[in-house]
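Thanks for coming, everyone. I have one structure to walk through today. Please take a look at it first.

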Amino acid sequence: MLGPVILAASRSDKMRRFVSAAPGTKQVVARFIAGESVDDVVPIVQELSDRGLEVTLDVVGEDITTVEQSYAARDAYLELIGRLKELGLGERAEMSVKLSMFGQSLENGHELALANVRPVVAAAAEIGTTVTLDAEDHTTLDSMFAIHEELRKDFPQTGCVIQAYLFRTEDDARRLAANGSRVRIVKGAYKEPASVAIQDKPEIDKAYVRIMKILMDGEGYPMIGSHDPRLIAVGQELARRAGRKLDEYEFQMLYGIRSDEQHRLAAEGHRMRVYTAYGTDWYGYFMRRLAEKPANLLFFVRSILTKG
């Protein structure tokens with residue numbers, strides 16, 4: 001019941017100011033956000049890589065309002081790619097981007113977002129890595145999938161994300177699996193109406209399993225984004241039944257969550273990628289992490305009370 005309330009708060013400027021000023025916020029944010037700058041995050045990428053983990057990097061800050069901000073987002077990713085190139089980390093780290101950050105919600109936003117993301121995808125390809133387009137709320141998905149399809153003409157390794165709680169997703173998964181796409185499946189972390197999304201958690205889990213099977217049986221590259229041990233075990237079994245080798249799919253988890261499990265999967269030979277976010281505009285990302293798991297919210301509240 002708390003999840004929808006927290007997701008609503010993620011859009012509130014008043015709540016943003018309150019959370020940012022709370023005494024315990026910095027401690028909790030540091031658990032999920034790897035730093036504020038590329039200088040902060042590069043050593044973490046190196047450390048994770050040295051431990052056998054791969055990384056996908058997200059420069060947080062999707063709530064932009066101007067074209068100039070969309071250019072700044074593009075340039076932030078280009079700076080990141082330049083640093084990864086210098087350190088030879090291209091093959092261990094990819095990028096995740098939210099097209100809203102590239103101007104998707106602005107006037108002529110579809111064309112603007114495509115124009116901004118293309119040079120990022122091209123630069124990533126030059127250093128031996130790729131980009132995954134993150135899924136946002138359901139109103140943005142047709143545009144995201146169209147941009148994904150366009151980018152794959154020149155950069156076929158470009159990935160995208162699908163969300164198990166949306167009614168449309170099984171059809172999207174079949175289409176993407178058939179055309180050989182790299183696809184990350186997640187449960188979904190936006191407040192969506194009952195007209196477009198499953199509201200019952202057990203039913204979302206069942207949908208997640210059905211979609212995993214579609215992806216594992218398809219021609220693409222599945223990326224299982226989950227911390228749920230049951231879903232991870234099911235993913236392993238579905239991969240085995242589909243005859244997939246360990247390098248033909250991967251697991252993904254968030255930075256700061258279930259690190260022991262991340263290392264265990266990597267030690268077993270699985271590809272394990274850590275979704276690592278950084279940047280100064282962390283509020284929306286942080287609130288979605290709280291909404292996903294009650295334990296995260298309790299951790300935050302305890303931190304405020306002990307620091308106050």
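Why two groups of side chains? Because in a regular strand the side chains alternate between the two faces of the sheet.

A caution before I go on: this is a predicted model.

Now, what does S2 pair with? Strand S1, residues 54-59, runs parallel to S2, and 3 bridges connect the two. Look for threonine 56: its bridge partner in S2 is glutamate 94. S2 also runs parallel to S3, again joined by 3 bridges. There, methionine 95 stands opposite valine 131 of S3.

Keep going to the next strand. S3 covers residues 131-133, and S4 covers residues 159-163. They pair in the parallel sense over 2 bridges.

Step back and the strands form a closed barrel. It has 8 strands, in the order S1-S2-S3-S4-S5-S6-S7-S8, with parallel pairing. From one strand to the next, the twist averages 30°.

Next, the helices. H6 lies across S2 and S3, and it runs at about 145° to S3. H6 spans residues 109-126, and it packs with H5, residues 67-87. The angle between H5 and H6 is about 5°, and their axes are 9 Å apart. An angle under 35 degrees counts as roughly parallel, so H5 is roughly parallel to H6.

Which residues meet there? From H5 we have Val67, Ser70, Tyr71, Arg74, Tyr77, Leu78 and Ile81. From H6 we have Leu112, Asn116, Pro119, Val120, Ala123 and Ala124. By class, this contact of H5 with H6 has 10 nonpolar, 2 polar and 1 charged residue.

Last, the whole protein. The secondary structure comes to 13 helices and 8 strands. There are 308 residues, and 53% of them are buried. Take the contacts with a separation of 6 or more: 74% of them link residues 24 or more positions apart. The accessible surface comes to about 13,900 Å², and carbon and sulfur atoms hold 54% of it.

That's the tour. I'm happy to take questions.

Conventions:
Residues numbered from 1 in each chain as written. Predicted model: local features only at pLDDT ≥ 70, side-chain atom pairs only at ≥ 80, totals over all residues. Heavy atoms only, no water. Axes fitted to C-alpha atoms, helices over the stretch in contact; angles between N-to-C directions. Helix = DSSP H or I, 4+ residues; strand = E, 2+ residues; numbered from the N terminus. Parallel < 35°, antiparallel > 145°, perpendicular 65-115°, else oblique. Contact = heavy atoms within 4.5 Å. Nonpolar A, V, L, I, M, F, W, Y, C, P; charged D, E, K, R; others polar. Buried < 20%, exposed > 50% of the residue type's maximum accessible area, 1.4 Å probe, protein only. Areas by Shrake-Rupley, 256 points an atom, 1.4 Å probe, with all protein chains shown as cover. Pairing = 2+ DSSP bridges.
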